[in-house]
Amino acid sequence: MEINIVIFLELIGTVAFAVSGAKVAIQEKMDLLGICILGVTTAVGGGIIRDIILGITPPAAFQQPIYITVALIISFLTFLLDDKKIFNINNRFYSFIDALGLAVFTIVGALAGVSSGNMFLIIFVGTTTGVGGGVMRDVFASRNPIIFQKNVYATASLIGVIAFTLIQKYNQNLAAILGGTIIFFLRALALKFNWELPKAK
Amino acid sequence: MEINIVIFLELIGTVAFAVSGAKVAIQEKMDLLGICILGVTTAVGGGIIRDIILGITPPAAFQQPIYITVALIISFLTFLLDDKKIFNINNRFYSFIDALGLAVFTIVGALAGVSSGNMFLIIFVGTTTGVGGGVMRDVFASRNPIIFQKNVYATASLIGVIAFTLIQKYNQNLAAILGGTIIFFLRALALKFNWELPKAK
Amino acid sequence: MEINIVIFLELIGTVAFAVSGAKVAIQEKMDLLGICILGVTTAVGGGIIRDIILGITPPAAFQQPIYITVALIISFLTFLLDDKKIFNINNRFYSFIDALGLAVFTIVGALAGVSSGNMFLIIFVGTTTGVGGGVMRDVFASRNPIIFQKNVYATASLIGVIAFTLIQKYNQNLAAILGGTIIFFLRALALKFNWELPKAK
């Protein structure tokens, strides 16, 4: 895939994730610094956990500070414009960029694990990159991680990364595009049709 | 110790820990994926933290996917059979395999730290392997970690691993068997006689 | 800076942080082991996260067990003397040693990152060393991390470490003393004048 397109998609994902972190911080009545920390954590936390698991230190997030910088600016804007309802995490546009972010982060994460040749590890680091920041956000906010409770969110990430892992042995580019597309559309369909995984009775 | 016996005991521990994770997820009304993630985290989370602390990346859990696989299957079965009360975490049989798991995980974890020659580190990685998964389970479920609050659980792990650490310089096999036995029986006695550590007044 | 002075200041910080961890554990009705774990985690947790991010394994806390040992003893004393109100985290003396600890931990943490030559990383590991233990304390206690919510605490750490990072290229000793002094006085002034960061409306 064209590298510039990947970076562009990653930046969109960074924006979406930073907004969701900042919004949760505002709901929890955190102060400006808490808002910024939660926004940045949600945006880059998944990638940091991935790199620690893979033994890549210091994590890539610190080598390419563009993502942290964008997350910081977006968190600050979310704080400033909170009463303007510009960033509304319930509207269709937000869901669109968030689903894009989930797809791109998962596949970028999985690519970082490919050289290990270990299927379990590729799937784990892919999904962790996609949803790990959101889990950290919820842990810091003392909430049950939303991905454990409702919506086909981590599930979309998981199914897409499994597809990626199976196909990447033959054609990595195709696998990346296909895997990412699966995640994006599964997530979009889940939102449209209110899909839920079963719970215990 | 016979390596096959260790693997057998580790698998029993994996079953016990996965059940406890899945049960907490069900109580917290998580969905099927949340149940599986919490089951797997409880089973292999302690070992992953241990390996990150020791600089072993990627962590062993990904190199030997048998444990993750077993934890996944058990989590799924716990979900399926939840209303059948087959896995009852309050009965004697469950407590028995959970105590076995605590003992085996602690000693296997401590063995991974032995080459460092650092007593503090051996004790820390042993106890972390034994109880770390349970702490992650409770953090994800927004609960105060149960091991900080009641029951002689981490305490049993700690006393056993200290014994192991002191004896292993002379005879590692003996230390492992003795340390594990101490943990198992301390935990069993604590349950039988309702031992509790003191709290502040 | 004289190395003995740094160790002395670090030990003071260790005492302050261990007391705050033990106090939170007592409020949350944890038992003696929980109190000790929370005290030690608050004291050395930030440094452990820093070392994991920097790829220093096993973390320094295990190489120099003096800090864990002091934190253990102080946690135990906090438990023993809880009803004597000797360690009162609301009085002026406690605030004084806590501010000292924040300053020293932040700068020591930043120094560990200097060799990376990466400004973002130096700032991150500095602040993480200063406040990371407190965040772990609050996560384990299922609380929203206090540093995300009120008081100019992480903010003081952040401003001081930015000053350090900018100055250390010219004179590392001066940068350390200046950065630490800024943190200490910002924190002291914040407490005296009840400074708060803004929150969203």
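**View 1. The annotated spans of chain A.** In this predicted model, residues 8-81 and 96-168 of chain A are the spans that UniProt, in an unreviewed entry, lists as "domain: Glycine transporter". Residues 8-81 of chain A are 84% helix and 0% strand, and the C-alpha atoms at the two ends of this span lie 24 Å apart.

View 2. After the helix comes A:Asn194, which has a positive phi, near 55 degrees.

**View 3. The buried side of helix 8 of chain A.** The buried residues in helix 8 of chain A are A:Ala175, A:Ala176, A:Gly179, A:Gly180, A:Ile183, A:Phe184, A:Leu186, A:Arg187 and A:Ala190. Because they cover an arc of only 165 degrees around the axis, they lie on the same side of helix 8 of chain A. An α-helix has 3.6 residues a turn, so residues three or four places apart point the same way. The buried residues of helix 8 pack against helix 5 (92-113) and helix 7 (154-167) of chain A.

**View 4. The contact between chain A and chain C.** Chain A contributes 27 residues to this contact, and chain C contributes 27 residues. Between them the two chains bury about 2,200 Å², of which 68% is on carbon and sulfur atoms. On the chain A side, A:Asp31, A:Leu33 and A:Phe62 lose the most area to chain C, together accounting for 29% of what that side buries.

Terms used: Residues numbered from 1 in each chain as written. Chains lettered and ligands numbered in written order. Predicted model: local features only at pLDDT ≥ 70, side-chain atom pairs only at ≥ 80, totals over all residues. Heavy atoms only, no water. UniProt positions renumbered as here; feature names shortened; annotations may be inferred. Helix = DSSP H or I, 4+ residues; strand = E, 2+ residues; numbered from the N terminus. Buried < 20%, exposed > 50% of the residue type's maximum accessible area, 1.4 Å probe, protein only. Arc of directions from axis to C-beta. Contact = heavy atoms within 4.5 Å. Buried area = accessible area lost by both parts, 1.4 Å probe.
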